[in-house]
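Please find below my note on this model, arranged as numbered points. I would ask that it be read alongside the coordinates.

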Amino acid sequence: MNRLNSIIHMQPDSEKDKQWIRIDERKYGLGQVRDTLKFFETFGIHVESQTVEHHLCTFVGKPMQKKFIPYLRPDGMGIDYDKLDFKFVDPRKND
């Protein structure tokens, strides 16, 4: 799990000095098109505390499409996160 967290840039600061086997990281890594921090912030993933905002499933589907479709990349390769200004926050924090 530590190796995977390192590859997807989710290791907490306390783990960043550790060395992991990086064989095939370039082959199976995340690429360079999107910044992982922006992705995590968009979907309510908190790297340092290793927690997520709850109730994301209530947003996925039509509500997400309504907000994200205007930001589709012209090359058809997903969302242009550089133009998207959205951070999912649990709409039902008190549940």
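1. K83 counts as exposed, at 60% relative accessibility, where exposed means over 50% relative accessible area, buried under 20% and partly exposed in between, with a 1.4 Å probe and protein chains only. Its side chain meets that of D80 in a salt bridge at 3.9 Å, N to O, the term standing for a side-chain nitrogen of Lys or Arg within 4 Å of a carboxyl oxygen of Asp or Glu. D80, by contrast, counts as buried, at 12% relative accessibility.

2. The model is a predicted one, in which local features need pLDDT of at least 70 and side-chain atom pairs count only at pLDDT 80 or more, while totals for chains, interfaces and linings use all residues. Residues are numbered from 1 along each chain as its sequence is written, and side-chain values use heavy atoms, with hydrogens and water left out.

3. How many salt bridges are there by this rule? The count comes to three. One of them joins K93 to E53, with the closest N and O atoms 3.1 Å apart; because K93 lies in the segment after α4 and E53 in the loop between β2 (51-52) and α4, the pair ties together parts that are 40 residues apart in sequence. K93 is exposed, with a relative accessible area of 54%, whereas E53 is buried, at 13%.

4. D75 and R73 also form a salt bridge, and here the closest N and O atoms are 3.5 Å apart. R73 counts as partly exposed, at 22% relative accessibility.

5. On the charges of the protein as a whole, the mean positions of the 16 positive and 15 negative ones are 6 Å apart. Lys and Arg count as positive and Asp and Glu as negative, without His or the chain ends, and each charge is placed at NZ of Lys, CZ of Arg, CG of Asp or CD of Glu.

6. The protein has four helices and two strands, following the pattern α-α-α-β-β-α along the sequence; these elements are DSSP runs, numbered from the N terminus, with helices (H or I) of at least four residues and strands (E) of at least two. The C-alpha trace spans about 40 × 40 × 20 Å along its principal axes.

7. Which residues make up the largest nonpolar core? The eight are F43, F59, F68, I79, Y81, L84, F86 and F88, a nonpolar core being a set of buried Ala, Val, Leu, Ile, Met, Phe, Trp, Tyr and Cys residues joined through side-chain atoms within 4.5 Å. Leaving aside neighbours within four places in sequence, L84 is in contact (heavy atoms within 4.5 Å) with K38, T42, K67, F68, Y71 and I79. Of the 95 residues of the protein, 25% count as buried.

8. T36 lies in helix α3, residues 36-42, and is buried, with a relative accessible area of 14%. Apart from its neighbours within four places in sequence, T36 is in contact with I8, H9 and L30. Among contacts in the protein between residues at least 6 apart in sequence, 57% join residues at least 24 apart.

9. N94 is found in the segment after α4 (62-68) and counts as exposed, at 80% relative accessibility. The C-alpha atoms of N94 and N2, which are 92 residues apart along the chain, are separated by 32 Å.
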